[in-house]
Amino acid sequence: MINHFGEERFEHGGAVVPPIYQNTLFTFENWDHIDKAFSDPINNNIYTRGNNPSVTIAEKKLAKLAGGERAKLFSSGMAAISAAIMYCVKSGDHIITLKNLYGPSLNFINEYLKNKWNVGVTLINGEDVEEIEKAIRPNTTLIYLESPSSAVFTIQDLSKISEIARANGIKTIVDNSWATPLFQKTLLMGIDMEVHSCSKYIGGHSDVVAGVVIGKKDHIESIALNEYLLFGGKLAPFEGWLLTRSLRTLSMRMDRHQSNGMMVAKFLESHPKVKTVRYPGLESHPQHKLAKSQMKGFTGLMSFELHTEDLDKIKGFVNVLNYFKIGVSWGGHESLIYAPAISYLREMTSEAFKETGLSLGVIRISVGLEDSKDLIDDLANALSKI
Ligand SMILES: Cc1ncc(COP(=O)(O)O)c(C=O)c1O
């Protein structure tokens with residue numbers, strides 16, 4: 001129960017909704033008081049780049065929800081992800097991560113850290129635990145995962161991988177944005193830290209960009225003192241306040257995303273113009289059993305592939321939709337549609353795109369909180385036009 005957790009209302013004048021602490025610094029009664037605050041800068045309100053009560057309340061709720069000791073909120077998912085990764089590696093270390101990782105996370109590891117920090121990287125599929133064991137080197141310090149993974153929604157066996165990592169003295173991080181800490185408790189499966197883009201389901205209203213790292217106190221406090229304070233990627237008080245608002249309805253929203261998501265996935269799977277649906281909640285997902293064993297629920301983000309590769313027909317399908325708005329991101333109240341080909345075709349021709357083995361007909365949808373019948377009618381109408 002996180003709805004009231006961490007709010008300590010009588011410290012905020014009894015306000016049923018905590019106030020927004022819109023201030024850069026905190027003042028002290030005397031020398032001794034500020035001196036005492038400096039003895040624990042991670043846990044005291046001194047300067048808003050370090051701590052702010054409007055952010056701390058949301059951090060407490062997130063840590064509780066994930067079963068972690070501590071959480072630190074950042075200005076975006078990428079700020080949280082890059083800080084958590086930098087905490088785990090130094091120049092000359094080696095990271096194992098997924099080929100199908102969220103693009104900017106992959107670029108950060110496989111380009112930025114590799115080229116600027118001389119960090120070794122091994123990319124894996126992640127479905128086969130033995131493949132991970134084989135990739136371990138003496139200098140491996142981090143296994144960075146995302147389950148389900150972006151775009152293709154494959155699952156990694158988090159308990160087994162965390163066991164192997166621990167036995168080899170390697171830290172583990174999971175991007176848990178898809179499942180949320182409500183549906184997947186990675187820390188209870190032995191993972192060291194989980195990261196989220198709170199811009200997705202945790203925020204849920206498409207009105208806040210934020211990120212969080214959750215884990216044991218010693219890990220998070222070290223990140224708070226170094227990567228967080230020094231790089232300065234702090235969350236604004238108003239955005240912390242918005243996340244507290246969002247967390248009050250997370251479980252209701254996720255129930256609806258899940259039931260709408262399942263209905264849409266089943267509809268698409270049964271449609272003759274759809275070749276495949278990638279959604280871990282479907283029994284036809286190749287890793288459905290593993291997904292069910294480590295997640296308590298499924299959400300509303302999935303991809304599917306149309307039979308057609310005719311770009312004009314695919315564009316027509318996307319453009320005729322009414323409720324599914326065209327846009328990046330996902331996890332908000334509104335249904336969204338995005339085709340990976342939109343990004344790729346900016347860099348290559350359709351012919352070159354086909355040669356990569358990817359299909360023009362792959363579409364990603366984020367199923368929102370609308371009436372499921374409206375969403376299915378919208379998709380049925382658009383599919384009938386292909
Ligand atoms: C799986 C995943 N992780 C992380 C991020 C990055 O989060 P943010 O956009 O909040 O920086 C995204 C954003 O799309 C994402 O899809």
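The following legends describe close-up views of a predicted model.

In this predicted model, local features need pLDDT of at least 70 and side-chain atom pairs count only at pLDDT 80 or more, while totals for chains, interfaces and linings use all residues. Residues are numbered from 1 along each chain as its sequence is written, and side-chain values use heavy atoms, with hydrogens and water left out.

**View 1. An open sheet of 7 strands with mixed pairing.** The strand order is S1-S7-S6-S5-S4-S2-S3. Strands (E, at least two residues) and helices (H or I, at least four residues) are DSSP runs numbered from the N terminus, and two strands pair if DSSP finds at least two bridges between them. Strand S1 (70–74) and strand S3 (120–124) form the edges, each pairing on one side only. On average, neighbouring strands are turned by 20° against each other, direction ignored.

**View 2. The parallel pairing of strands S4 and S5.** Residues 140–146 (S4) and 171–175 (S5) are joined over 5 bridges. The bridge partner of Glu-146 in S5 is Asp-175.

**View 3. Helices H2 and H8 against the sheet.** Helix H2 (residues 53–66) lies across S1, strand S6 (193–197) and strand S7 (211–215), at about 130° to S1. Helix H8 (residues 217–231) lies across S1, S5, S6 and S7 and runs at about 25° to S1. Axes are lines fitted to C-alpha atoms, for helices over the stretch in contact (heavy atoms within 4.5 Å), and angles run from 0 to 180 degrees between N-to-C directions.

**View 4. The second largest pocket, with about 410 Å³ of space.** A pocket is an open set of points on a 1 Å grid over the protein atoms alone, where a 1.4 Å probe fits, with protein on both sides within 12 Å along at least five of seven lines; lining residues have an atom within 4 Å of a point. Of the 19 lining residues, Asn-43, Thr-56, Ile-57, Lys-60 and Arg-70 are the closest to the centre of the pocket. H2, S1 and H8 each give two or more residues to the lining, and H2 gives the most, with 6 residues.

View 5. Beyond four places away in sequence, Thr-172 touches residues including Leu-142, Ile-143, Ser-162 and Asp-192. The C-alpha atoms of Thr-172 and Cys-88 are separated by 8.9 Å, although these residues are 84 residues apart along the chain.

Note on methods: Points joined across faces, edges and corners; volume = space filled by probe spheres on them.
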